[in-house]
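Hi everyone, thanks for making the time. Please have a look at the sequence and the model on the screen, and then we'll walk through it together.

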Amino acid sequence: MTTIQTVLAVIMILASLFLTFTILMQSGSRQGMSGTISGGAETFFGSGKAKGMDAMLNKLTIAVAIVFVVLAIALNVMQ
């Protein structure tokens, strides 16, 4: 392995750990009893947009996932 491949592999490992962390930190779509009582009406009539920390984690997850995929393709092409 060349130096650049080693650096990219380390960045990919860190990205995968961070991606796992950001996914696990997001709240579920049906937390609590409200999902079982109201059924799908809450998601149909609700605002559906994440607020605050969930919105930030959602954007961060997308960004890290893109970095992860780009690194995976780059490392595969280099081999």
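How many aromatic pairs does a search of the whole structure find? The search finds 1, where rings of Phe, Tyr and Trp (its six-membered ring) pair if their centres lie within 6.5 Å. The partners are Phe18 and Phe21, with 6.4 Å centre to centre and 35° between the planes, which makes the pair tilted; planes under 30 degrees apart would count as stacked, over 60 as edge-to-face, and the rest as tilted.

Before going on, a word on the ground rules. This is a predicted model, where local features need pLDDT of at least 70 and side-chain atom pairs count only at pLDDT 80 or more, while totals for chains, interfaces and linings use all residues. Residues are numbered from 1 along each chain as its sequence is written, and side-chain values use heavy atoms, leaving out hydrogens and water.

Phe18 and Phe21 sit 3 residues apart in helix α1, so about one helical turn separates them. Helices here are DSSP runs of H or I, at least four residues, numbered from the N terminus. As a reminder, an α-helix has 3.6 residues a turn, so residues three or four places apart point the same way.

Buried means under 20%, exposed over 50%, and partly exposed in between, with a 1.4 Å probe and protein chains only.

Now for α1 as a whole.

Let me finish with Gln5, in α1, which is buried at 12%. Leaving aside neighbours within four places in sequence, Gln5 is in contact (heavy atoms within 4.5 Å) with Leu75, Met78 and Gln79. Its side chain also reaches the backbone oxygen of Met78 at 3.3 Å.

Notes
Helices (H or I, at least four residues) and strands (E, at least two) are DSSP runs, numbered from the N terminus. A polar contact is a pair of N or O atoms within 3.5 Å; within protein, one must be able to donate a hydrogen and the other to accept it, and residues adjacent in sequence count only if both atoms are side-chain atoms.
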